[in-house]
Amino acid sequence: MTKLSDVLANSGTQTINWDTAVNTIKPILGGEISPEKFIDELAKEQLLILSATGDEDFLIRFGYQRFGDMLRASSIVQSYQEAENNDLSFLAEKLAVLTEIESGVLEALASILPEEIGIEITDDRLGLNPDVAHNLFVKSLAWRSKQSVTPVIEEQMFGALRTEGLWQTVFESLFKLSVVPNHYLNAEGWFKKFQWRQDSPSRDTYLSVALSESYDKNGAIWFLIEALEKIEVTKWPEESYRLASSALLWCCSATDRRVRDQATRCLSLLLKTYPAICNHAVNTFLGCDDDYILESLILAIYTACLLSPESAEEFVQPLNRYIQFNSRSNNILIREHSQLLKKELLSRGIDENRISNQFASNPPPTTWPVISDVQTLLTLEELPSNMRLWGDQLGPDFWRYKVEPSLRAFDLESKGITYENIACWIMNEAMSIGYPGYREGALHHDLATLHIYGRGRAKPGYAETIGKKCYWVALHRLIGLLAANVPTTQSSWEPQLTADRFWSLELRKVDVSDIRDLSLSKKYPLRNLIKKDLELPESNIDCWLKIDDYYLANNVITLNDESNTTWVNLSFYSEVHAKKDEDDVSYDAERFLCIASYNGYFVDPNTTETVELYNHSNNHCYRVYLAEYPRSIAFKQCIAEQDTTISDDKRTFTSIQLLRGGEWEYDYSSNVEQSSIDVPCPDLIDKINLRWDQDSGWLDENQNLAAFSHNIDRNSSLFIRRDILDSYLSKYNKSLVVARFGRKQFNEGFAGNARLMEVTGRYVYTPCDGCFKLINEDIELLGFESSEEKT
């Protein structure tokens with residue numbers, strides 16, 4: 001700032017041009033941050049003022065200069081008032097003599113004129129260029145008093161929206177005002193009225209772009225999400241939180257998954273903190289025609305209930321209201337999240353008679369559409385190929401990987417329904433939603449999106465088109481329609497699916513209950529255990545391979561933390577890859593691999609030495625939300641349909657892994673990739689009455705840490721407090737057996753010429769001394785000279 005002040009003092013003007021400012025601060029910043037980004041940040045903090053010039057340049061002034069601009073503008077207005085002349089030509093003359101470097105005065109006048117004399121800067125009598133005037137008008141919106149913004153401003157708002165190149169600035173100003181109480185332009189005022197006038201695809205044509213731009217450029221939407229992710233430390237007026245629920249729901253309509261998913265998660269946090277706002281949010285969006293908004297709303301309410309079960313009573317009326325106005329919807333996510341919320345409320349003691357009946361059952365179409373019925377869509381000029389779900393060409397990824405797998409569970413043939421019918425129904429439903437939009441605006445939006453981000457799998461996962469949004473909504477509605485009207489297929493090798501199952505589990509794309517990355521203070525002991533650097537041998541690699549020293553049992557299974565609390569490792573996994581020369585990118589580079597795995601099982605005490613143990617199993621789940629585990633009907637369905645195994649007749653897994661990452665490829669609710677998490681088995685949680693701490697730990701009945709997990713890269717562990725474990729084993733007559741698997745491997749390149757050592761072992765936990773007894777151990781050498789290999 002000092003350097004910029006020196007430049008301003010020697011400039012002979014009251015401004016600095018953009019290039020001069022960049023060149024001045026660039027040597028100071030070095031490579032830590034770009035000067036352009038730094039100037040933008042200073043402008044957001046109101047320390048600098050940026051004013052656009054006619055030649056697409058910017059003039060920069062200091063924030064304190066705005067005070068001077070306000071004084072000059074006030075003086076001009078005051079002189080007009082003192083003249084007691086209603087002729088605006090007096091003001092027009094004053095404005096006409098202002099130069100480009102005095103544009104700050106015009107910006108100040110745009111705020112003062114409506115407040116002092118009731119006219120807008122866009123008034124033709126002031127003689128300003130209409131485009132310039134509307135630009136000034138939009139900039140003034142965030143600065144002027146609420147009282148000066150009245151319904152008569154609508155004409156100026158539409159004038160600004162019609163001004164070339166200004167509509168995104170208009171949206172950004174509206175986003176800034178969205179949570180301002182009692183403001184005519186806030187999220188529930190004119191903004192809502194304006195958006196409600198359009199069908200969903202036409203609305204998305206502009207709104208989705210504006211939301212994404214505001215997020216990308218750290219604008220008002222980015223700030224809203226950032227602030228509400230830290231809702232525990234925000235201090236807003238109560239009315240602002242209510243308005244924030246509406247602003248977030250508008251964000252949930254976005255085609256940008258980052259905006260939509262993060263807004264949904266913020267909404268769930270908001271409703272968790274202020275559950276009374278649920279009813280307000282539902283009432284505000286009654287009659288909404290955008291399924292994305294309605295899906296996000298019920299998901300956020302359901303998640304809020306999962307995260308704050310003590311507030312169950314607050315969610316009854318909003319759920320009833322929501323079902324009342326969406327009971328005819330076929331959308332399976334809307335229907336089943338409502339049912340899941342109902343079941344959660346019942347489990348919390350709410351009387352079933354107080355909750356609305358289920359959704360209405362809609363009949364299938366009398367005649368399913370065929371390819372000739374969707375020619376209106378297919379003949380659109382430049383229609384993206386991924387929207388052609390049926391025809392001579394290969395079906396797009398959406399059809400092959402999303403639609404077709406969803407259909408396999410239904411016996412379509414018994415109802416005379418073909419894949420052509422399904423594809424055409426989806427395309428026809430997209431048109432009924434409103435695609436391609438007013439004047440084909442949604443189609444043009446999609447073509448621009450594909451031009452910017454690329455097509456197919458080259459496109460970033462978060463960048464969705466309006467057409468794809470319509471197809472997702474259509475698919476969600478289709479599954480609801482089929483689930484109510486088409487029988488399931490009969491399989492001789494898979495569990496029979498029941499008619500009352502939750503079909504939406506396969507359609508889940510985001511888990512907004514996963515808030516581990518927002519944890520402010522939770523820290524768990526023994527974190528350094530699973531972060532171990534691999535010490536590579538300088539020579540004699542064969543000798544190194546034959547030494548069993550990578551995460552031995554006595555360094556892994558039972559450990560004491562800094563407070564001398566003893567923890568037992570129920571599940572541990574470490575995998576490290578390394579090269580002798582990390583800069584060697586050749587095919588035959590020397591590579592090392594180390595794996596250590598310890599998996600625990602609860603077994604009958606009489607079978608500790610004989611029960612079969614194995615490390616590879618499906619004791620994992622990727623379809624439930626973190627907050628649903630383990631008591632929800634959703635998780636129980638995964639067990640019943642054998643997607644997840646928690647036990648068999650001989651053993652119970654001590655842990656279950658809830659998968660994240662690639663299993664949730666469409667989840668952008670966090671800016672960091674959420675790792676999979678190892679959690680205690682359901683039997684432990686239920687019988688010891690553990691409760692998730694909404695991070696990576698579990699609390700006992702006294703709210704003390706009873707279990708926790710670490711997940712870092714390819715390394716993970718799940719610890720349980722020894723006294724908790726001992727109590728469980730004693731009370732329910734069980735023993736803990738741990739299966740060990742270890743590997744040290746060396747190979748040159750990717751060919752099958754590896755030399756390796758593998759170790760398998762069995763340990764039994766003895767509660768009396770908290771130790772593990774080695775029952776058996778096998779070591780196998782592979783790839784060495786035959787005389788050295790042994791078992």
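## Salt bridges across the model

A salt bridge here is a side-chain nitrogen of Lys or Arg within 4 Å of a carboxyl oxygen of Asp or Glu. By that cut-off, the whole structure holds 45 of them. The general idea is simple: side chains of opposite charge can pair when their charged atoms come close.

Before going on, some ground rules: this is a predicted model, where local features need pLDDT of at least 70 and side-chain atom pairs count only at pLDDT 80 or more, while totals for chains, interfaces and linings use all residues. Residues are numbered from 1 along each chain as its sequence is written, and side-chain values use heavy atoms, with hydrogens and water left out.

Take Glu120 and Arg144, whose closest N and O atoms sit 2.7 Å apart in a salt bridge. Glu120 is in the loop between α6 (103-116) and α7 (130-140), and Arg144 is in the loop between α7 and α8 (154-162), so this pair ties together parts 24 residues apart in sequence. (Helices are DSSP runs of H or I with at least four residues, strands are runs of E with at least two, and both are numbered from the N terminus.) Glu120 counts as buried at 13% relative accessibility, and Arg144 is buried too, at 5%. For reference, buried means under 20% relative accessible area, exposed over 50%, and partly exposed in between, using a 1.4 Å probe and protein chains only.

Arg265 and Asp517 also meet in a salt bridge, 2.7 Å from N to O. This one links distant parts of the chain, 252 residues apart: Arg265 is in helix α14 (residues 257-273), and Asp517 is in the loop between α23 and α24 (541-546). Arg265 is buried at 0%, whereas Asp517 is partly exposed at 29%.
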